[in-house]
Every structure is written in C-alpha cells, then in structure tokens.
Amino acid sequence: MTVDHAPRIAPRVWLGVLAYLLYLAVFCGVWIFNGIDYTHIGDSEDTLWKWYVAPLLAGAVVIVVIVSVYGWWRPSLFDERQRMPAWVWVFPGALAVVAIANVLLGDTSALTPTMWLLLTLGSLIVGFNEELVTRGQLIVALRSRFGELGVWFFSTLLFGLLHLPNTLFGTGPFGVTQVFITFVLGSALYLLRRVSGTLIAAMLLHGLWDFSTFAANSGLTGLFGIPIGIAAVVVAIVLTRREGRAATASGPSSAEAEQGGAR
C-alpha cells in the first residue's frame with residue numbers, strides 16, 4: 001500500500017505569499033504592542049523576552065496553523081528534488097564556523113544565565129519560523145509556478161524583505177542594508193536545504209547564526225558572512241540555471257516538473 005503525501009490544498013503562489021504576510025503582520029503586531037526598539041533587543045532579560053521570544057512564539061502559532069491547514073508539512077520540510085553537489089556544503093559549513101567563532105571570540109560577559117536561555121529559545125524559534133515561512137511553505141508555493149532559478153530568487157528576496165520593517169522599529173536606513181545581507185545569507189540557507197535534502201538543517205544553521213549575532217559581536221559575522229553569502233548567490237544562480245537547462249533539454253514533461261508541476 002502506498003502512502004499519499006499530496007498536499008491537502010494544491011500549492012499556489014498567492015497562498016504562500018498570504019502565509020508570509022499573515023506571519024509578518026502578527027510578528028510586527030506583537031512588536032508594536034510591546035514597544036520595540038530593534039537596536040536594544042539583546043540588552044536585558046526583559047527586552048529579549050518582549051522583543052525576541054514573545055513575537056516569535058506568536059508567529060510560530062500562525063505559521064504552524066497555516067501550514068497544517070494547507071497540508072504542506074512534508075514538501076516544506078523535505079526536499080525531494082535531486083540534491084546539489086556535495087561541495088555545496090562548503091557554504092553553510094563556513095557560516096557555521098564563523099557563527100561559532102563569533103561567540104567564542106566575542107564579548108558575552110553581559111549575558112546572564114536567563115539571557116542565555118532566552119537567546120537559545122528565541123534563536124531556535126526564529127530558525128524554525130523564518131525558514132518555514134520563506135524556504136519552506138513559500139518554496140512549495142513558488143514551485144507551482146516557477147523554475148528553480150525563480151524559486152531561489154523570489155524565496156530569498158522575500159526572506160530579505162522580511163527584515164525591511166526593521167527600518168521602522170529602530171534600525172533606520174541600515175534596515176535596507178540588512179535586506180541585502182539577509183538576501184545573500186539566505187542564498188546559503190537555500191543551498192543548505194538543497195544539499196541536505198531537508199529544511200531542518202537550514203533551521204538549525206539559521207538559529208545558530210542569529211544566536212551568534214545577538215550573543216556577541218566580534219566583527220566576524222560581517223567580515224566573513226557577507227563574502228560567503230555573495231559566493232552562495234553566484235553558486236545558486238549557476239546551479240539552478242543548469243537545472244533549468246537540463247529540464248528543458250530533456251523534454252516538456254521535465255520542464256513542467258521543473259516549474260513545480262502543480263496547477
């Protein structure tokens with residue numbers, strides 16, 4: 001007997017974007033209610049709870065409910081496409097090394113035991129939430145319409161734009177720069193999903209990266225993270241274009257599968 005893993009609701013781009021916007025609305029709503037100042041999120045136990053953990057918990061409820069209603073858990077968490085070459089592990093692996101080094105070499109003396117706990121909890125949830133929203137259910141939706149080059153680009157662009165509201169909550173013009181930074185880092189996370197075959201790996205690396213940036217600032221994340229991310233963008237373009245050409249060359253049915261196959 002075979003098990004039917006078909007989504008309860010057929011993937012559509014607008015459904016993925018709707019989930020994205022609802023998540024963002026709830027998350028920002030909690031920020032507004034709690035009086036967020038983004039630049040001071042990591043200052044104390046109180047700020048970490050109100051501005052980091054609380055909005056993430058609210059957002060987690062929203063995205064879990066939506067993905068459950070859609071029935072998109074399996075395609076969101078597990079990538080059944082052909083995996084990318086093993087050497088692609090270099091990019092997420094390098095980011096993991098940078099994140100760990102940043103914590104080890106940075107100043108974490110101001111962190112209390114409770115702050116460590118809140119940072120750990122919040123970082124695990126942010127990895128879960130943002131990956132499920134952008135490189136999980138949104139990729140499922142985008143594959144119903146686009147080839148993999150478009151899937152990479154639009155899912156990663158929306159991941160970057162997920163951070164644009166930070167300009168209204170304390171970062172100012174730097175928030176625009178943050179969109180670029182998260183776009184290039186998001187490309188490495190996309191590669192990790194594809195090379196590992198599961199979104200869970202990207203969730204863990206995402207959480208580690210955010211934990212590192214809030215816990216300490218040795219300068220390593222900016223110094224090495226951006227070049228690694230830019231290299232990941234180039235590799236993502238090359239590999240997804242190669243997939244698209246291969247699908248086109250192998251015939252119409254394969255090309256349709258490359259675009260997701262769901263109509």
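Asn166 touches Trp31, Tyr38, Thr171, Gly172 and Gln178, residues up to four places away in sequence not being counted; contact means heavy atoms within 4.5 Å. The model is a predicted one, in which local features need pLDDT of at least 70 and side-chain atom pairs count only at pLDDT 80 or more, while totals for chains, interfaces and linings use all residues. Residues are numbered from 1 along each chain as its sequence is written, and side-chain values use heavy atoms, with hydrogens and water left out. Asn166 is placed in the loop between α6 and α7; helices (H or I, at least four residues) and strands (E, at least two) are DSSP runs, numbered from the N terminus. Its relative accessibility is 4%, so Asn166 counts as buried. Buried means under 20% relative accessible area, exposed over 50% and partly exposed in between, with a 1.4 Å probe and protein chains only.

A pair of aromatic rings is described by the distance of the centres and the angle of the planes. Rings of Phe, Tyr and Trp (its six-membered ring) pair if their centres lie within 6.5 Å; planes under 30 degrees apart count as stacked, over 60 as edge-to-face and the rest as tilted. By this rule there are 13 aromatic pairs. The ring centres of Trp31 and Phe169 are 5.3 Å apart and the planes stand at 70 degrees, so this pair is edge-to-face. Trp31 belongs to helix α1 (residues 13–34) and Phe169 to the loop between α6 (148–161) and α7 (174–196), so the pair ties together parts that are 138 residues apart in sequence. Trp31 is buried at 4% relative accessibility, and Phe169 is buried at 12%. One aromatic cluster is formed by Tyr23, Phe27, Trp31, Tyr38 and Phe169.

Helix α5 (residues 113–142) has 30 residues and spans 42 Å from its first C-alpha to its last, close to the expected 44 Å; the expected span is 1.5 Å times one less than the number of residues. At Leu132, α5 bends by about 45 degrees, the bend being the angle between axes fitted to the seven residues ending there and the seven starting there. Of the 30 residues of α5, 22 are buried.

Trp89 lies in the loop between α3 (73–77) and α4 (90–105) and is partly exposed, at 43% relative accessibility. Apart from neighbours within four places in sequence, Trp89 is in contact with Leu192, Val195 and Ser196. Trp89 and Val195 are 106 residues apart in sequence, with their C-alpha atoms 6.8 Å apart in space.
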